[in-house]
Amino acid sequence: MYDVIVVGARPAGAATGMLLARRGLKVLMVDRARFPSDTLSTHQIQPAGVQRLDHWGLLDTLLAAGTPATGSVRFDISGTVVQGRYPDGFLCSPRRTVLDKILVDAARDAGAEVREGFHVAGVVNDGSRVTGIRGRGGEELRAPVVVGADGKHSLVAKEVAATVLRETAPGTVASYSYWEGVDMPVGELYHRPGRAVAAFPTNDGLTMVYAAAPRTQFDAWRRDIEGNLLATVDGCGDLGERVRAGKRVERLRTTVDLPNVVRRAQGPGWFLAGDAGLVMDPVTAQGIGNALADAELLADTIVQGRDDYQRRRDEARRGIFDLTTGLARLRPVRGLSALLLKAVARRQESVEQFLGVFAGTVPVETFRRPGNVLRILAQRARG
Ligand SMILES: Cc1cc2nc3c(=O)[nH]c(=O)nc-3n(C[C@H](O)[C@H](O)[C@H](O)COP(=O)(O)OP(=O)(O)OC[C@H]3O[C@@H](n4cnc5c(N)ncnc54)[C@H](O)[C@@H]3O)c2cc1C
C-alpha cells in the first residue's frame with residue numbers, strides 16, 4: 001500500500017513524485033517509458049520553471065549536462081522587435097532526454113519507488129473513490145490517492161471521466177529539428193501572419209528550430225516539410241541564412257496533435273497534473289513550466305490536506321490559456337495590439353514586463369489591465 005501512486009514520470013509526474021517523497025510520503029511512480037527517453041516536444045523551460053528547478057536543487061545538474069542558459073530573447077512580431085533580458089533569471093532549453101531523466105532520478109533519490117516500462121491499463125475504485133491502478137498484466141496496486149500525470153491523452157482522466165471544462169479547436173501544425181553550426185547567441189521568436197517560429201540553443205551545441213503553420217494548411221505543409229520550414233525561417237530576418245549555413249543533424253518531427261483542453265483536475269481519490277489536466281498549443285512554450293507548477297501546487301495540496309487545487313490551478317492558468325489559444329490562430333497583429341507592441345518595444349521596463357508574461361513571472365491579467373496598457377501607450381505618446 002502506497003500513500004500516492006503517480007502515473008507518468010515526465011515533468012508533471014516526476015516532479016510531483018519527487019516533492020511528495022521528499023516530504024516523507026510513500027510514493028510509487030510508474031511510466032511505460034524507460035528513461036532517458038525522448039518525446040515529441042521541444043523544450044524551452046520558461047524562467048519561472050527554471051527557478052523551480054533551482055529551488056528544488058536540480059538546476060546545477062541541468063547546467064552541468066551542457067544545457068545553455070538563455071538570458072535574452074528577441075521577439076519579432078510582424079517586424080516589431082521586442083528584445084531584452086528576461087527580468088527574472090533565464091530560460092533553458094534542455095533536450096527531454098536530459099530533463100526528464102534528471103527529474104526521474106531526483107524522485108528516486110528522494111525515496112520514490114519508480115517502475116519504468118509499466119503500462120497502466122486502468123484505475124481501480126471501490127465504487128465511491130479511486131483506490132489504485134491496474135497494470136496491463138493485471139497487477140493491482142493500491143493507494144488512497146492516484147495522480148494522473150500521464151499527458152494530454154491521459155488514461156487516468158478517461159477512467160475517472162474528468163469533465164472537459166474548456167476546449168478550443170487545435171490551430172496549428174508544428175515541425176522542428178536540430179541544426180549544428182547555427183549562430184544563435186540569444187533565443188529568437190517570430191510571429192508572422194500564418195506562421196510562428198522559435199529558435200533556441202540546446203544541448204550538444206545544437207540549435208532547435210521550430211515552425212508552426214495553420215492546421216488548415218497541413219496537406220500543403222506535409223508535402224515538403226523541410227522546404228516549408230526553411231521558407232518560413234527565410235521570412236524571419238537573417239534567421240533563414242544562419243540556419244541554411246548550418247547542418248540539420250536529426251530527423252524532422254511534425255505533429256498536428258496539439259489540443260487545447262482544460263479538464264477538471266480533482267475528484268475522489270484522484271488528481272490530474274500537467275497536460276493530463278490542462279494542455280495548450282506549444283506556441284507560447286508553457287507546458288513544461290505549467291507541469292512543474294502543478295507539481296508544486298499538488299504536492300502542497302496533498303501534504304496539507306487542502307481542497308483547492310482545482311481553483312488555484314485554474315486561476316493561475318486562465319490568462320495564459322486565453323493568450324496562447326489566441327496566438328495559436330497565427331493571425332496578423334493589428335489595431336490596438338500592434339500599437340501596444342510598438343510602445344512596448346520602445347521602453348526597457350515595458351519590454352521586461354512583456355517578456356515576463358511568457359516567462360511566467362508576470363500574470364497576463366497584470367499586463368492587460370487597462371491602467372497598464374494606458375500607461376505603456378501614454379509613455380510612447382510622450383516619446
Ligand atoms: C511539438 C511540441 C512542442 C512543445 N514545445 C514545448 C516547449 O518548448 N516548452 C514547453 O514548456 N512545452 C512544450 N510542449 C509541451 C510539453 O511537451 C508538455 O506540456 C509536457 O511534456 C507535459 O508534461 P507532462 O509530464 O504533463 O506529460 P508528458 O510529458 O506527456 O508525460 C506523460 C508521461 O505519461 C506516460 N504515460 C501515458 N500513459 C501511460 C500509461 N497508460 N501507463 C504508463 N505511463 C503512461 C507517458 O509515457 C509519458 O512519459 C510542446 C509540445 C509539443 C507537442
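This is a predicted model: local features need pLDDT of at least 70, side-chain atom pairs count only at pLDDT 80 or more; totals for chains, interfaces and linings use all residues.
Let me start with the ligand. By that definition 29 residues surround it, and the closest of them are Asp 31, Ser 41, Thr 42, Asp 275 and Ile 288. If we sort this shell by class, we find 11 nonpolar, 11 polar and 7 charged residues. Two helices, α1, which covers residues 11-22, and α9, which covers 287-304, each supply at least two residues of the shell.

Which atoms of the protein lie 2.8 Å or 3.3 Å from an oxygen atom of the ligand? For Arg 10, a polar side-chain atom lies 2.8 Å from an oxygen atom of the ligand, and for Asp 275 it is likewise a polar side-chain atom, with a distance of 2.8 Å to a ligand oxygen. With Pro 11 it is a polar backbone atom instead, 3.3 Å from an oxygen atom of the ligand. As for how covered the ligand is, taken alone it exposes 1000 Å², and the protein buries 92% of that.

Now let us move to a pair of helices, α11 and α12. In general, two packed helices are described by the angle between their axes and the distance between the axes. Here, helix α11, residues 335-346, and helix α12, residues 348-359, pack at an angle of about 120°, and their axes are 5 Å apart. Angles of 65 to 115 degrees count as roughly perpendicular and those over 145 as roughly antiparallel, and α11 and α12 are therefore oblique to each other. From α11, the residues Leu 341, Val 344, Ala 345 and Arg 346 meet Gln 348, Ser 350, Val 351 and Phe 354 of α12. The residues of this contact divide into 5 nonpolar, 2 polar and 1 charged.

Finally, I would like to point out two details of the backbone. Phe 35 and Pro 36 are joined by a cis peptide bond, with omega at about 5°, and Pro 36 itself sits in the loop between β2 (27-31) and α2 (47-55). And where is Ser 78 placed? Ser 78 belongs to the loop between β4 (72-77) and β5 (80-85), and its phi is near 50°, which is a positive value in a residue other than glycine.

Note on methods. Residues are numbered from 1 along each chain as its sequence is written. Side-chain values use heavy atoms; hydrogens and water are left out. A residue is near a molecule or strand if one of its heavy atoms lies within 4 Å of it. A polar contact is a pair of N or O atoms within 3.5 Å; within protein, one must be able to donate a hydrogen and the other to accept it, and residues adjacent in sequence count only if both atoms are side-chain atoms. Accessible areas come from the Shrake-Rupley method with a 1.4 Å probe; for residues, only the protein chains shown count as cover. Helices (H or I, at least four residues) and strands (E, at least two) are DSSP runs, numbered from the N terminus. Ala, Val, Leu, Ile, Met, Phe, Trp, Tyr, Cys and Pro count as nonpolar, Asp, Glu, Lys and Arg as charged, and the others, Gly among them, as polar. Axes are lines fitted to C-alpha atoms, for helices over the stretch in contact, and angles run from 0 to 180 degrees between N-to-C directions. Angles under 35 degrees count as roughly parallel, over 145 as roughly antiparallel, 65 to 115 as roughly perpendicular and the rest as oblique. Contact means heavy atoms within 4.5 Å.
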